[in-house]
Amino acid sequence: RFRAPNVSCATIKVPRDWHHPGNGKTWDIRISQAKNIDVKNARYKGTIFVNPGGPGGEGLVWGAAMQARTPDLNPYYNYIGFDPRGVGQSSHALCMYPLDTSSTDPNEEARAIGTTCSKNEDVKTINTEQTAYDMDFIRTLLAAPKLSYIGYSYGTWLGAWYEKLFGAKYGDKFVLDSST
């Protein structure tokens, strides 16, 4: 774990379904911010979000990790790490599925999970598009005019979705590494 005096964590609430935010259902999203500079400072160049990939990779520590790994950028950038919905310290969907314990099929459990959980309304909201909306909400909460991004593996897919949905709101740095 990376620790620094300027790193803080928070839990925010987001709609479970950004297409129907008024239904009252929410997810908790755990975020960390390595705040090096105020967004109103003339030297501020951006806020960089980081996603380690997976899918399913926990990203909470990546704000502080990137700060430690890129000291030359610290005077100009803030870093955000977050556990996407369904991952790490963020909310998870519960899905109970029937399992035929007498079956000798090695894929029985995977089939039962897929069949049952794909119909679960909460599970359906744990996806890339909804996570991209979460990212823009976090950007807005932090008053960052634009979002810069570093994504690895599945994080490249997430970054591409963010750009597709919010293209005008991404900043000068957008790194997609080891694309899926």
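C95 and C117 are joined in a disulfide (a pair of cysteine sulfur atoms within 2.5 Å), with their sulfur atoms 1.9 Å apart. The model holds one such link, and the angle of -105 degrees about the S-S bond makes it left-handed. C95 sits in the loop between β4 and α2 (108-117), while C117 belongs to helix α2, so the bond ties together parts that are 22 residues apart in sequence. Helices (H or I, at least four residues) and strands (E, at least two) are DSSP runs, numbered from the N terminus.

This is a predicted model, in which local features need pLDDT of at least 70 and side-chain atom pairs count only at pLDDT 80 or more, while totals for chains, interfaces and linings use all residues. Residues are numbered from 1 along each chain as its sequence is written, and side-chain values use heavy atoms, leaving out hydrogens and water.

Are the cysteines buried or exposed? Buried means under 20% relative accessible area, exposed over 50%, and partly exposed in between (1.4 Å probe, protein chains only). C95 is buried at 16%, and C117 is buried at 12%. C9, at 44%, is partly exposed.

Now to the nonpolar cores, sets of buried Ala, Val, Leu, Ile, Met, Phe, Trp, Tyr and Cys residues joined through side-chain atoms within 4.5 Å. The largest has 17 residues, and F49, M135, I138 and L158 make the most contacts inside it. Elements giving it two or more residues include β1 (7-15), α4 (128-141) and α5 (154-166); α5 supplies the largest share, four residues. Apart from this core lies another of nine residues, among them W62, A65, Y79 and I150.
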